Amino acid sequence: MKSLAELQAIRDKARMQMQMRKDNSEAIRVVIGMATCGISAGARPVLNAFVQEIEKRRLENVVVTQTGCIGMCQFEPIVEVFVPGKDKVTYAKVTPEKVPRIVADHLVNGNPVMEYTIGSVMK
Amino acid sequence: MQELSLYILDIVQNSISAGASRIEISVDEDTAADTLAIEISDNGCGMTEEQLKRVSDPFYTTRTTRRVGMGIPLFRLAAEQSGGSLEISSEPGKGTRVSARFVRSHVNRLPLGDVCGTLTALIRLNPNLDFCYMQSLDGRSFSIDTSELRRILGDVPLDNPDVMSWIAGYFNEQSELLSGETDQTI
Ligand SMILES: Nc1ncnc2c1ncn2[C@@H]1O[C@H](COP(=O)(O)OP(=O)(O)O)[C@@H](O)[C@H]1O
Ligand SMILES: [Mg+2]
């Protein structure tokens, strides 16, 4: 017998997918590595810093999601930023202190913070 | 990782990767028995007996990005280092249950840490999944079940900022009540 809870989960999932389809085309996506390597390197406070900053600035067009290990564990916490129509930007060794600038410069003003990107951090 | 709440966050990632739609987390403390038990169960794809055997083996992973899987071995280590143990049961198509038991007063037992931070991170990143968190201390308990919140919220998503801050507020209130009342009885 199907439960009401199951039915509601199905209904909400359908709604979520509708919203995601809309978001995918317009929204900026912030993707945080949440595998064991990311979490032990400090992904949780980084995520919370993004959420706080995004809410403080009332940014409506930003979706924060997670991904697994992308094979560069020594550079975690890794955050990938997808701005529609632009190349992906990968930030490495992100700390909560770096987050306000990434949000202000990149998410709001469209200028990636080059010195925090994986290319610069690897040097 | 220096907090059990971070291990919980990591073990739940396995459930998310396994396609789970509902994940139940429980933290049960019993001061008389001197135990702290953490259980994470999901309704994800589960594991075959063969897979389950290999998970107990460190370095087993079905991921393709890296050859080693450290999440479960690390959680097991944290439990064993505090005189406890870890058990996993799983059934393909049904789900998985990971249970860790810790000796509560053991010097090497890691603090629970910011469980609220773990729960809100999970909900914020996965507003379409259901999480049920239950915490008990000497028989008294509280719980948060997102499926119940959804029934109240209707169309409003769980990752709405006001909803998220209500969840954090409710959590902190309840956990304070739980630990506070024990202090009075001591
Ligand atoms: N809840 C679960 N449901 C299904 N499979 C799981 C679950 N937890 C762990 N596994 C399996 O065990 C493997 C090892 O897990 P883990 O030690 O956390 O390493 P990793 O997540 O990095 O692969 C996973 O890759 C997966 O195949
Ligand atoms: Mg894992």
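B:W166 is partly exposed, with 47% relative accessible area. The scale runs from buried (under 20% relative accessible area) through partly exposed to exposed (over 50%), using a 1.4 Å probe and protein chains only. This is a predicted model, in which local features need pLDDT of at least 70, side-chain atom pairs count only at pLDDT 80 or more, and totals for chains, interfaces and linings use all residues. Residues are numbered from 1 along each chain as its sequence is written, chains are lettered from A and ligands numbered from 1 in the order in which they are written, and side-chain values use heavy atoms, with hydrogens and water left out.

**Aromatic pairs**

A pair of aromatic rings is described by the distance of the centres and the angle of the planes. Rings of Phe, Tyr and Trp (its six-membered ring) pair if their centres lie within 6.5 Å; planes under 30 degrees apart count as stacked, over 60 as edge-to-face and the rest as tilted. The count is 6 aromatic pairs over all chains. Two of them are tabulated here.

| Pair | Type | Centre to centre | Angle between planes |
|---|---|---|---|
| B:F142 and B:F171 | edge-to-face | 5.5 Å | 90° |
| B:W166 and B:Y170 | stacked | 5.1 Å | 15° |

B:F142 lies in strand 6 (residues 140-145) of chain B, and B:F171 in helix 6 (residues 161-185) of chain B, so the pair ties together parts 29 residues apart in sequence. Helices (H or I, at least four residues) and strands (E, at least two) are DSSP runs, numbered from the N terminus. B:F142 is buried at 5% relative accessible area. B:F171 is buried too, at 4%.

B:W166 and B:Y170 sit 4 residues apart in helix 6 of chain B, separated by about one helical turn. B:Y170 is partly exposed, at 26% relative accessibility.

Ring pairs also join B:Y7, B:F75 and B:F102 into a cluster.

**Charges over a ring**

A charge sits over a ring if NZ of Lys or CZ of Arg is within 6 Å of the ring centre and within 35 degrees of the ring normal. The charged end of A:K98 sits over the ring of A:Y116, 5.1 Å from its centre. The charged end of A:R101 sits over the ring of A:Y116 as well, 5.3 Å from the centre.

**Cysteines**

A search of the whole structure finds 0 disulfides over all chains. The cut-off for a disulfide is a pair of cysteine sulfur atoms within 2.5 Å. The sulfur of A:C73 has its closest cysteine sulfur in A:C37, 3.7 Å away, which is too far for a bond. B:C45 is in no disulfide, and its nearest cysteine sulfur, that of A:C69, is 18 Å away. B:C45 is partly exposed, at 47% relative accessibility.
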